[in-house]
Amino acid sequence: MKRIILHYDMDSFFASIEIRDNPKLKNKPVVVGQSIVTTASYEARKFGIHSAMSVFEAKKLCPHLIVVPTDKEKYHRVSNFIHSLVFKITKKIEFISLDEGYIDISDIGLSKEKLKKFAETFRKRINYHTKLTCSIGIGFNKLSAKIASDINKPNGQFIFYNEEEFIDFIKEKELKIIPGIGKKYRELLKKKNIHFVKDAFPYSLKELTSAYGKSRGELLYLSIRGIDYSEVDYKQEIFSIGNENTYRYPIVSEPNIKKEIMDIFAYSYKRLVRKELMAKTVHIKIKFVNNKTLTRSKTLFSPSDNEEKLYENIESLIDSLTLKTPVKLLGVSFSNLIKKSVRQLSFF
Ligand code: TTP
Ligand code: MG
């Protein structure tokens, strides 16, 4: 059966929440962040402001810019609410960040005509319940759905019904349209005069993999042809629960790193509790700007869902490390999981 995948992505997520909660900010250039812009309202984007830029630089571009501090706790709450709404459609969902997810809608059995209506209804429902807007892409795999959701952003939708339509659309575009083809890779490709998607078509898979390595070569060769076999990862077999955060701007001092870890811990912990699980092992992952990655884990005497106890163990793992180099990724996870009810039963 042909796959149909929907990708949703909330529009200027953090900023839209702040604007919703403070109508004075409506239609104004707003960014969310302390010293770095996490996101900019579409009004602020008109001035060339974007995420990962310093607030100082952003204010130079737009002196009347409104800067709102980040309230991660609130964004997590809104995100959880959106997840619960999406779960009403199907369970075949992979949430990939606070504001984004893939949904496998193949078995809903919608005709070509009905898909458009489905996406419209989805957007209306989300808007009705959250007073926020999102953009939707529908495609024949995750890759095409993801690219589609960006086409009519904000508050829009786009559908690729098949590979031909997809290739036809992307061939004239710059390579940055393809997720995973980053700045560094594009620099290398430019040296061979590969600027647009169509410039990469003449190269064989062998040529691309021998020039750029197996994974990068394959990614380019397959993506420009609309090939992506990866599944929406919705399986509920839980071996571990956790979250990672990648930072476009490095986190520098130890207190800041600890604070971020605490945020990630709080979010992961909530997921653990919601799934009624207890964890015996806790893990942290730290990736530095020089790409060196450290992972540490600790196994407790018995499984626990006690927040303090789990956090203490995470903290002892952090304290065992020297954190002098700036960090670009942090992660917290729990493994060796056991259902709370199972453990309770085993007590009898
Ligand atoms: P995105 O979906 O990348 O951006 P967005 O929702 O703000 O805007 P768009 O309409 O283009 O989808 O990220 C979602 C949220 O994640 C964003 O609102 C803020 C946060 N974020 C960071 O904290 N740091 C970052 O570097 C990025 C890119 C996003
Ligand atoms: Mg978004």
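Predicted model: local features only at pLDDT ≥ 70, side-chain atom pairs only at ≥ 80, totals over all residues.

Q: What makes the arrangement around the magnesium ion (ligand 2) octahedral?
A: There are 6 donor atoms, and they subtend angles of 85 to 176°. Six donors count as octahedral if opposite donors are over 155 degrees apart and all others between 65 and 115. The arrangement is therefore octahedral. For six octahedral donors the ideal angles are 90 or 180 degrees.

Q: Which protein atoms are donors of the magnesium ion (ligand 2)?
A: They are Asp9 (OD), Met10 (O) and Asp99 (OD), at 2.1 to 2.2 Å from the ion. The cut-off for a donor is 2.8 Å. Along the chain, the donors follow the spacing D-M-x88-D.

Q: Are Asp9 and Met10 buried or exposed, and how do you know?
A: Asp9 has a relative accessible area of 11%. Met10 has 2%. Buried means under 20%, so Asp9 is buried and so is Met10.

Q: Why are strand 5 and strand 8 called edges of the sheet?
A: The open sheet has 5 strands in the order 5-6-1-7-8, with mixed pairing. Strand 5 (93–97) and strand 8 each have a single partner strand, so one side of each is left without a neighbour in the sheet. On average, neighbouring strands here are turned by 15° against each other, direction ignored.

Q: How do you know that strand 1 and strand 6 pair?
A: Pairing takes at least two bridges. Strand 1 (residues 5–10) and strand 6 (residues 100–104) have 5 bridges, in the antiparallel sense. Tyr8, for one, has Gly101 in strand 6 as its bridge partner.

Q: Which strands does helix 5 touch?
A: Helix 5 (residues 112–130) packs on the sheet and touches strand 1, strand 6, strand 7 (134–139) and strand 8. Its direction makes about 155° with that of strand 7. Helix 6 lies across strand 1, strand 5, strand 6, strand 7 and strand 8, and runs at about 145° to strand 7.

Q: What makes the aromatic pair of Phe13 and Phe14 tilted?
A: The structure holds 13 aromatic pairs. In the pair of Phe13 and Phe14, the centres are 6.1 Å apart and the planes are at 50°. Rings pair within 6.5 Å; planes under 30 degrees apart count as stacked, over 60 as edge-to-face and the rest as tilted. At 50°, the pair is tilted. Phe13, at 4% relative accessibility, is buried, and Phe14, at 15%, is buried too.

Q: Why is the pair of Phe87 and Phe95 called edge-to-face?
A: The ring centres are 5.5 Å apart and the planes stand at 80°, so the pair is edge-to-face. Phe87 is partly exposed at 28%, and Phe95 is partly exposed at 25%.

Notes:
Residues numbered from 1 in each chain as written. Chains lettered and ligands numbered in written order. Heavy atoms only, no water. Helix = DSSP H or I, 4+ residues; strand = E, 2+ residues; numbered from the N terminus. Axes fitted to C-alpha atoms, helices over the stretch in contact; angles between N-to-C directions. Contact = heavy atoms within 4.5 Å. Donors = N, O, S within 2.8 Å, 3.2 Å for Na, K, Ca; no water. Tetrahedral: all angles 85-135°; square planar, octahedral: opposite > 155°, others 65-115°. Buried < 20%, exposed > 50% of the residue type's maximum accessible area, 1.4 Å probe, protein only. Phe/Tyr/Trp six-rings, centres within 6.5 Å; stacked < 30°, edge-to-face > 60°.
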